[in-house]
Amino acid sequence: MAEPVPMVDYLILDERPHLRATLCSDCGATYFDRRNACAHCGGTSFSHQDVPTQGTLISFSIVHHAAPGIPTPFVAGIVDCDGTAARGNIINTPPDPEHVTLGMKVRLATYSLGEKAGVEAIGYGFEPA
Amino acid sequence: MAENAWILGIHMTKFGKRPTDDVVDLASEAALGALKDAGVGMKDIQVLAAGNLRGGGGLAQALQKQIGQTGIPAFNVANACATGATALRVAIMAIKAGEADFGLAVGAEKLSGVGLLTGNTARAEGDEWTPAGRFGAVTGLDGRTGTETMPGVFAQVGMEYGHKYGGASFELFAKIAEKNHAHSTLNPLAAYQKRFTLDQIMNDVMIAYPNTRSMCSANCDGGAAAVVVSEAKLRTLSLEQQRRAIKVSASVLTSDPWQAACQVLPDINTLTKAAANQAYEQAGLGPSDLDLVELHDCFATAELVHYDNLGLCETGGAADFCNSGATWRDGTTPVNVSGGLESKGHPISATGIANIWEVCHHLRGEAGDRQIEGARAGLAHVIGLGSACGVHILEKSAA
């Protein structure tokens, strides 16, 4: 079977899956999207930086209404990974305010999005640490 | 020294379901109302700025074709939910630049029954995993890496504040909606004029925790328009026009300065703080000088953070400020006495002028049952996600 593909290109599927930020070589600003230039300093030279897989949940919402086809409820979260903020769903725990709380410690977790044309896609979220 | 600008006339349509009116009807009603209120006609207007987001573009010219084609420069503007404030800002800039003595700014929107404004449709999925877009995503990311829906995004904005400073409970956010729904019972132009108890709000349909349905802005149809005039021209007009004119003491539009965190969650704080600081500086006033504030409560979770962003409370003190009752209409800093976006309604392109209308109405002493007595200065604030922030400070004429 073919190698699995990541849900997004900043998810690195090696032995220890992790997120990889794009780092401005001039000022150190970090991004997850494809860049034309640095929005902070205007620099156009970039490298990559691995993002810690452990973090703190600094904000969330439990989304009950979304577009048709998107399973609800789910927890949209913002995780502070040792100074780099990342978006991700909070997974592997019930989506309610008793189980998901501000300040909780979380870690990166991956899951299968299923298979297409013999290739599996892998997504990520954060689960309680 | 740039010319001062004044609001000479202003009008807001009834907000709500307007099934027989299209966007041009709403814009025309607003514009004609503002012209009448100002005591001038389209022949006097030298610059037009108009905004609409969902009608296909070109509102300015469509409006001219209904109420007056005079060949003046027409600007079609779009800045998300700050579109109305952007139209006003364009007209004010033309006045300040000395290019016009009279300007007209208009915003109108048809939004009844639209549902979620973003995140309404999921990405179509093909037979293979194909990376696309700036994240190289092989699938739709809405619902996979967080949410694209506004109730969820703004819920996170409020929760982030709670994480930083504490005290922001589900009940606290619900109290904000309780206040705004109570305020709207005095506003005949509001889309909703129904009071809700705290229990009703907290037990309403959950949209995106902690925002229930009654804590979300009300989609509705509506329009608003303003006629602005230069100070030099105003002095040549009738005493009655001069008496009712409202001084634009500050007119500011900002966008996001770079912040690390805004790359993952929109940062509606930094640009609002910047706009507020510039506005207070321009006006020579501070938050304690304001008799009323209309701020962008697109969701209850958003209103909380703007108490802090606009300097209405101490840094980090928004929860205590809210709990003190200060923001009710009989409090020290009445906020959203119109009912706000949660209850008055949020026809997105009209909002950034409708909030100015509310403040002007009080400063003129014409706000009827909901009049804030003796109001002399007020602030109007909007945020368009992306982001754009408009802040205007308005003062009663000394004449």
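## Exercises on a predicted two-chain model

B:E125 and A:K116 form a salt bridge, their closest N and O atoms lying 3.6 Å apart. The model is predicted. Work through the exercises in order.

### Exercise 1. The interface

Task: describe the contact between chain A and chain B. How many salt bridges cross it? Which residues of chain A lose the most area to chain B?

Solution. 

Step 1. Count the charged pairs. The rule finds 1 salt bridge across the interface of chain A and chain B. The cut-off is 4 Å between a side-chain nitrogen of Lys or Arg and a carboxyl oxygen of Asp or Glu. The pair B:E125 and A:K116, at 3.6 Å, meets the rule.

Step 2. Between chain A and chain B, 17 residue pairs are in polar contact, both residues at pLDDT 80 or more.

Step 3. Locate the elements on the chain A side. Several strands of chain A each supply at least two residues to the side that touches chain B, among them β1 (5–6), β4 (30–31), β9 (105–116) and β10 (119–128). The largest share comes from β6(A), with 8 residues.

Step 4. Size the contact. Chain A brings 52 residues and chain B brings 42 residues. The two chains bury about 3900 Å² between them. Carbon and sulfur atoms account for 62% of that area.

Step 5. A:H65, A:R87 and A:K116 lose the most area to chain B. Together they make up 17% of what the chain A side buries. A:K116 is also a partner in the salt bridge with B:E125.

### Exercise 2. Strand β2 of chain B

Task: Is β2(B) parallel or antiparallel to β4(B)? Which residue of β3(B) stands opposite B:A49?

Solution. 

Step 1. Check the cover. Strand β2 spans residues 47–51 of chain B, and 5 of its 5 residues are buried.

Step 2. Pair with β4(B). Strand β4, residues 102–109 of chain B, runs parallel to β2(B) over 5 bridges. Here B:A49 stands opposite B:A105.

Step 3. Pair with β3(B). Strand β3, residues 74–77 of chain B, is parallel to β2(B) and joined to it by 4 bridges. In β3(B), B:F75 stands opposite B:A49.

Step 4. From β2(B) the chain passes through helix α2 (residues 59–67) of chain B to β3(B). This β-α-β crossover is right-handed.

### Exercise 3. Strand β10 of chain B

Task: Where does the positive phi fall in its hairpin with β11(B)?

Solution. 

Step 1. Check the cover. Strand β10 takes residues 377–384 of chain B, and 8 of its 8 residues are buried. Both faces are covered: B:A377, B:L379, B:H381 and B:I383 lie on one side, with B:G378, B:A380, B:V382 and B:G384 on the other.

Step 2. Take the parallel neighbour. Strand β9 (residues 292–294) of chain B joins β10(B) through 3 bridges. B:L292 has B:G378 as its bridge partner.

Step 3. Take the antiparallel neighbour. Strand β11 (residues 388–396) of chain B is linked to β10(B) by 8 bridges. B:G384 has B:A388 as its bridge partner in β11(B).

Step 4. Read the turn. β10(B) and β11(B) form a hairpin with 3 residues between them. B:G386 in the turn has a positive phi of about 145 degrees.

### Exercise 4. Salt bridges in chain B

Task: follow the charged pairs around B:R244. Is B:R244 buried or exposed? Which residues share one salt-bridge network?

Solution. 

Step 1. Start from the total. The structure holds 13 salt bridges over all chains.

Step 2. Take the pair of B:R244 and B:D37, with closest N and O atoms 2.8 Å apart. B:R244 sits in helix α8 (residues 239–244) and B:D37 in helix α1 (residues 23–38) of chain B, 207 residues apart.

Step 3. Judge the burial. B:R244 is buried because its relative accessible area, 14%, is under the 20% cut-off. B:D37, at 21%, is partly exposed.

Step 4. B:E366 lies in the loop between α13 (348–363) and β10 of chain B, 122 residues from B:R244. At 30%, B:E366 is partly exposed.

Step 5. Compare another pair. B:R370 and B:E358 form a salt bridge at 2.8 Å, N to O. B:R370 is in the loop between α13 and β10 of chain B and B:E358 is in helix α13, so the pair ties together parts 12 residues apart in sequence. B:R370 is buried at 3%, and B:E358 is buried at 0%.

Step 6. Close the network. Salt bridges with shared partners join B:D37, B:R244, B:R364 and B:E366.

Key: Residues are numbered from 1 along each chain as its sequence is written. Chains are lettered from A and ligands numbered from 1 in the order in which they are written. This is a predicted model: local features need pLDDT of at least 70, side-chain atom pairs count only at pLDDT 80 or more; totals for chains, interfaces and linings use all residues. Side-chain values use heavy atoms; hydrogens and water are left out. Buried means under 20% relative accessible area, exposed over 50%, partly exposed in between (1.4 Å probe, protein chains only). Two strands pair if DSSP finds at least two bridges between them. A crossover is right-handed if, with the strands pointing away from the viewer, the path from the first strand over the helix to the second runs clockwise. Contact means heavy atoms within 4.5 Å. Buried area is the accessible area (1.4 Å probe) that two parts lose on being put together, summed over both. A polar contact is a pair of N or O atoms within 3.5 Å; within protein, one must be able to donate a hydrogen and the other to accept it, and residues adjacent in sequence count only if both atoms are side-chain atoms.
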